[in-house]
Every structure is written in C-alpha cells, then in structure tokens.
Amino acid sequence: MAEEVNSDEVARLQTSYWSAQAVAAYSQKAQPFLNAIADGIFTSVEVRNWLIAQTNAASSYKSAAILIEEQKAVRWHKKPTLQPFWANYHCGRDADCTCRIVGSKSLESDAIFFLQNGSGRILAVHIEFKHPKEPFGFGQPEGYPMRADCFARTHRERSTLNAHDDWITVIFCDEATLSDQRLSHFERVITHREAAAMIPNYPCNE
Ligand SMILES: [Zn+2]
C-alpha cells in the first residue's frame, strides 16, 4: 500500500530540512572562530582576563587557571564526541526543564570553558557565537542565563558536565548587533573586531 503524504506535510518537512541546513551551515562557519577562541583561552591568561573583563567574575577569577584535561576527561568519559570537548552543551532535559522560555526550542551553549581561581572555585563561561546578520532563534539569548543557572545547580546529576560554582555568559557578535536589547542576557559582549585584536588566529574575513 502506498503511503499517503499530504502537501502540508511535505511543506513542513521541507521547511524543517532547510532550517536544519541553515543551522548546520552557520555552525560549520562558526567552527574556525570558536577554535581560535578556545586556543586563546587555553594558552593565554591575558585572553582569559579579557574574556571575563567587566563581568562580576572579573576580580574573583583574575589570572585564573583553565581546566583543559579535566574538562576533556569529564565530557568524554564515555566516548569522544565529534565536536571538540568544549563545544555544544545542551541541557537535554527538554520539556521538564526550566532553562528555556515557554515555546522555544531546547538550545545549546556553543561552548563552555571552566576557569579555576586560587581559592579552588570554578567558573563556567558559556559562550555564544553569532555571525553578522545571523538572527537569534526565538528564546535563544534569554535561554543562555537560564541554562547556565540550570547547569550550575544540576552539575552533580550530569555525568558529562564539570562541577562548577559560578557562571557567566559571553557573546561574540558584530557591531550591528550591539543595538539588540537582547544582548542584556550576556554579561560580556565582544565584537569580532575586538576579538580579532586580542586572539591570535581569529579569522578576520568578516
Ligand atoms: Zn536545564
């Protein structure tokens, strides 16, 4: 018996296919930038201080160490992911969780890095990366602090998430995005121009 597929269903599938393609294209395009950000954070205390500058973590995490092997060991304790060990953290609790606004999709932090200060406290730095003209998804900026707070409260129940005490959210975006009110959901806003001046190997083709 032939399967009936009505035209509404076809249209819906095509729309979701194309939006999935667009998301995949954006995330592939973001990878060289995120790789450069990760390298800078992993290798330079100046980059780490700059990353958290002007946030409420700036003084308590000044000249903090970066947890690299610790993060890899936890994130990859079962098996390595295709992406780098610091990339693409989802909450994963979907419907049950409070870390997204009503009606929005379950979204992710593009990257998380863990800084440890001299008193042993650990800061999770959640990073969002936006290309010029790349729109926010519905509820995406609002979800960043909600997810960061969720992760800080529930890390003990999550086998692939490092323990941490504090969190901040940081966005990398272009100058045209600076007028977007929704940037208030990030403690730190860094433009691509500022990043290119600070981070070696930051692609500067924007
Ligand atoms: Zn959550």
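## Chain layout

Helices (H or I, at least four residues) and strands (E, at least two) are DSSP runs, and their numbering starts at the N terminus. The structure is a predicted model. Its protein chain contains 5 helices and 6 strands, and along the sequence these follow the pattern α-α-β-α-β-β-β-α-β-β-α.

Of the 206 residues in the protein chain, 32% are buried. Among contacts with a separation of 6 or more, 62% are between residues 24 or more positions apart.

## Confidence

The protein chain has a mean pLDDT of 88, and 85% of its residues reach 70 or more. One is residues 1-6, with 1 contact beyond four places in sequence in the model. The other is residues 9-18, for which the model also has 1 contact beyond four places in sequence.

## Nonpolar core

The largest nonpolar core has 42 residues, and Leu123 and Val125 touch the most other members. At least two residues of this core come from each of α1 (7-43), α2 (45-51), β2 (87-90), β3, β4, α4 and β5.

Leaving aside residues up to four places away in sequence, Leu123 touches Ala57, Tyr61, Ala64, Phe114, Leu115, His164, Asp166, Trp167 and Ile168.

## Strand β5 and its partners

In β5, 7 of the 8 residues are buried, so the strand is largely enclosed by the rest of the structure. The path from β4 to β5 goes through α4, and this β-α-β crossover is right-handed. Strands β4 and β5 run parallel and are joined by 7 bridges.

Strand β5 also runs parallel to β6 (residues 188-191), with 4 bridges between them. Within this pairing, Ile171 has Val189 of β6 as its bridge partner.

## Helix α4

Helix α4 covers residues 140-154, and its 15 residues should span 21 Å at 1.5 Å a residue; the end C-alpha atoms lie 20 Å apart, which agrees. The buried residues of α4 are Pro141, Gly143, Tyr144, Arg147, Ala148 and Phe151. An α-helix has 3.6 residues a turn, so residues three or four places apart point the same way. The cover over the buried residues of α4 includes β3 (108-116), β4 (122-129) and β5 (166-173).

Pro145 also lies in α4. A residue is buried at 20 or more C-beta neighbours within 10 Å and exposed at 12 or fewer; Pro145 has 18 and therefore counts as partly exposed. Not counting residues up to four places away in sequence, Pro145 touches Thr169 and His185. Pro145 and His185 are 40 residues apart along the chain, yet their C-alpha atoms are separated by 6.5 Å.

Most residues other than glycine have a negative phi. Gln54 has a positive phi of about 70° although it is not a glycine. Gln54 is in the loop between α2 and β1 (65-66). Gln54 counts as exposed because it has 10 C-beta neighbours inside 10 Å.

Ser63, likewise not a glycine, has a positive phi of about 55°. Ser63 is placed in the loop between α2 and β1. With 11 other C-beta atoms within 10 Å, Ser63 is exposed.

Methods: Residues numbered from 1 in each chain as written. Predicted model: local features only at pLDDT ≥ 70, side-chain atom pairs only at ≥ 80, totals over all residues. Expected span 1.5 Å × (residues − 1). Contact = placed C-beta atoms within 7 Å. Core = buried A, V, L, I, M, F, W, Y, C linked by C-beta atoms within 7 Å. Pairing = 2+ DSSP bridges. Right-handed = clockwise from strand over helix to strand, strands pointing away. pLDDT = per-residue confidence, 0-100.
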